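I opened a new page for this structure. My notes follow in the order in which I looked things up.

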Amino acid sequence: MDGADRVMLAMYMWAHLDRAMTDLPPRSPAEFYDRFLSWTGADLVQA
């Protein structure tokens with residue numbers, strides 16, 4: 001998978017993460033990251 005595909009996948013999963021945060025019981029941000037984004041392989045940069 002090339003870099004652009006990884007970024008698109010991460011953006012797609014971020015949308016699911018955003019929705020899941022209202023449906024799932026409270027968890028730490030690290031748990032949500034591990035569950036939804038870490039496996040995508042995209043390097044997320046904090047702005």
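**Entry 1: Phe32**

I began with Phe32 and set aside its neighbours within four places in sequence; Phe32 is then in contact with Leu17, Met21, Leu24, Pro25, Arg27 and Leu37. I count a contact when heavy atoms are within 4.5 Å. I note that this is a predicted model, in which local features need pLDDT of at least 70 and side-chain atom pairs count only at pLDDT 80 or more, while totals for chains, interfaces and linings use all residues. Residues are numbered from 1 along each chain as its sequence is written, and side-chain values use heavy atoms, with hydrogens and water left out.

I found Phe32 in helix 2. Helices here are DSSP runs (H or I, at least four residues), numbered from the N terminus. Is Phe32 buried or exposed? Phe32 counts as buried because its relative accessibility is 6%. The cut-offs for relative accessible area are under 20% for buried, over 50% for exposed and in between for partly exposed (1.4 Å probe, protein chains only). I also looked up Met21, which is 11 residues from Phe32 along the chain; their C-alpha atoms are separated by 8.2 Å.

**Entry 2: helix 1**

I read helix 1 as residues 3–23, which makes 21 residues. From first C-alpha to last, helix 1 reaches 30 Å, close to the 30 Å expected at 1.5 Å a residue. The expected span is 1.5 Å times one less than the number of residues.

Which residues of helix 1 are buried? I listed Ala10, Met13, Leu17 and Ala20. They cover an arc of only 80 degrees around the axis, so they sit on the same side of helix 1. The arc is taken from the directions from the helix axis to the C-beta atoms. The buried residues of helix 1 pack against helix 2 (29–36).

On the face turned away from the buried side I noted exposed residues, including Tyr12, Asp18 and Arg19. Met11 of helix 1 counts as exposed because its relative accessibility is 54%.

**Entry 3: the salt bridge**

How many salt bridges does the structure hold? I found one. The term asks for a side-chain nitrogen of Lys or Arg within 4 Å of a carboxyl oxygen of Asp or Glu. Arg27 forms a salt bridge with Glu31, and the closest N and O atoms are 4.0 Å apart. Arg27 counts as partly exposed because its relative accessibility is 37%. Glu31, at 42%, therefore counts as partly exposed.

Note on methods
Helices (H or I, at least four residues) and strands (E, at least two) are DSSP runs, numbered from the N terminus.
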